[in-house]
Amino acid sequence: MAYAATGTNTNSGKGIHFSHQDWEVVCDNTRTCRAAGYQADDGDSFPVSVLFTRKAGAGQNIDGQLKLGTTDYVEGQPTPQAVQLFINNTSYSKVLLNGEGLDGHLSSVQTQALVAALAGHTVIQFKSGQDTWSLSGQGAAAVLLKMDDVQGRVGTTSAVLRKGKKTEASVLPALPMSVVNWIKPVESPALKRLAKSVDLLQLKKEMLAHTPKTDDNYCPVINGEDDSAKFELDIQPLTSHKLLASGLCWRGAYNEGYGYWVINAQKPYQPKLVTTGASDYADGMISAAQKGRGLGDCWSHEAWTWNGQQFIQTDDSTTGMCRMVELGGAWDLPTRVAIVKKASIK
């Protein structure tokens with residue numbers, strides 16, 4: 001996966017994803033930032049990752065978590081209950097592990113020592129017996145500076161890097177999380193008949209005219225550019241006036257994406273694209289889960305929730321870099337979060 005920054009501290013409410021060498025930072029639409037570091041990509045260290053989480057606003061400390069790679073352990077092999085943290089060969093006490101996923105919580109002292117060490121060149125290791133997990137510091141300074149920048153901390157007393165004399169009065173506040181009312185569509189025989197009455201040939205023509213051919217909304221199957229699959233539409237009711245049309249858009253080596261459009265129940269259908277990269281739909285919620293690579297150690301996730309009128313994106317996240325820390329992904333690193341409240345059609 002290749003990540004790039006998509007915003008700065010001036011773009012109110014938009015998340016950013018920025019990576020440099022062995023570190024990345026992801027800030028969501030509330031300005032909560034999560035910085036994750038890993039073992040060197042070209043080294044021979046056991047997989048390891050550290051996650052720093054900091055909420056926006058004054059008076060917010062950094063929370064530190066550790067995750068050791070489990071992919072090197074065979075089933076039944078005993079795993080360590082704790083590891084010793086060493087920074088430049090100086091011990092900073094033990095990190096207790098949960099024994100299953102090899103996760104641990106860093107103390108405030110350990111977190112502060114790690115953050116301070118990552119500002120320069122240093123050797124960071126977690127040890128248990130003969131096993132050593134080496135955390136790379138390459139890219140950490142750029143990533144931590146970006147985190148400070150997004151939260152408006154550069155030049156303040158609370159900055160991780162480039163501390164200054166400015167008080168936290170200038171630090172950007174946390175933004176409120178959006179609230180989306182989830183309306184679960186109610187199925188009925190009449191609505192099912194309505195969905196079956198759609199003129200599929202006419203709908204496909206309108207889709208071709210209304211679906212943008214951009215990288216983010218590409219549907220080669222409907223455009224006839226991929227003959228490996230036939231574009232077949234499935235229609236499901238949303239309301240008495242709106243329907244949901246879907247069909248396979250593309251297939252890759254280990255992923256596939258389905259397109260979803262909200263359409264009028266009667267002609268003209270005026271299809272409005274939600275996404276061309278979805279994986280599933282149920283009860284008014286479209287979801288997407290795509291592998292970053294075939295090994296399945298890194299994923300991206302998205303979700304769109306029906307509010308009775310349109311689908312609102314309520315999740316956009318990744319599990320971090322593809323570094324074999326854990327199958328299924330190491331962390332939850334969202335650029336978009338939302339509170340989803342259940343509701344019902346009356």
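## A nonpolar patch on the surface

Met177, Val179 and Ile339 together form a nonpolar patch on the surface of this predicted model, and their accessible area comes to about 230 Å² when the three are taken together. Val179, one of these residues, lies in strand 11, which covers residues 178–184. With a relative accessible area of 47%, Val179 counts as partly exposed, because that class holds the values between the 20% limit for buried residues and the 50% limit for exposed ones.

Strand 2, made of residues 23–27, is mostly covered, since 5 of its 5 residues are buried. Trp23, Val25 and Cys27 point one way from this strand, while Glu24 and Val26 point the other way, and all of them are buried.

Strand 2 pairs with strand 1 (residues 16–20) in the antiparallel sense over 5 bridges, and in this pairing His20 stands opposite Trp23. The two strands form a hairpin with 2 residues between them, and Gln21 in the turn has a positive phi of about 55 degrees. Strand 2 also pairs with strand 3 (residues 33–38), again in the antiparallel sense and over 5 bridges, and here Cys27 has Cys33 as its bridge partner. Strands 2 and 3 form a hairpin with 5 residues between them, and in its turn Arg31 has a positive phi of about 75 degrees.

Strand 12 (residues 234–237) has a covered face, formed by Ile235 and Pro237, and an uncovered face, formed by Asp234 and Gln236.

An open sheet is formed by 5 strands in the order 16-17-18-19-20, with antiparallel pairing. Its edge strands are strand 16 (280–282) and strand 20 (333–336), each of which pairs on one side only. On average, and with direction ignored, neighbouring strands of this sheet are turned by 20 degrees against each other.

Within the sheet, strand 17 (residues 285–291) and strand 18 (residues 299–306) pair in the antiparallel sense over 7 bridges. Ser287 stands opposite Ala303, which belongs to strand 18.

## Aromatic pairs

The count of aromatic pairs in the model comes to 5. Among them is the pair of Trp23 and Phe52, which is stacked, with 6.0 Å from centre to centre and 20 degrees between the planes. This pair links distant parts of the chain, for Trp23 lies in strand 2 and Phe52 in strand 4 (residues 48–54), and the two are 29 residues apart. Both Trp23 and Phe52 are buried.

The rings of Trp306 and Phe311 have their centres 5.1 Å apart and their planes at 50 degrees, so this pair is tilted. Trp306 counts as buried because its relative accessibility is 0%, and Phe311, at 9% relative accessibility, counts as buried too.

Methods
Residues numbered from 1 in each chain as written. Predicted model: local features only at pLDDT ≥ 70, side-chain atom pairs only at ≥ 80, totals over all residues. Heavy atoms only, no water. Patch = residues over 30% accessible without salt bridge, like charges linked within 9 Å, V, L, I, M, F, W, Y side chains within 5 Å. Areas by Shrake-Rupley, 256 points an atom, 1.4 Å probe, with all protein chains shown as cover. Salt bridge = Lys/Arg side-chain N within 4 Å of Asp/Glu carboxyl O. Helix = DSSP H or I, 4+ residues; strand = E, 2+ residues; numbered from the N terminus. Buried < 20%, exposed > 50% of the residue type's maximum accessible area, 1.4 Å probe, protein only. Pairing = 2+ DSSP bridges. Axes fitted to C-alpha atoms, helices over the stretch in contact; angles between N-to-C directions. Phe/Tyr/Trp six-rings, centres within 6.5 Å; stacked < 30°, edge-to-face > 60°.
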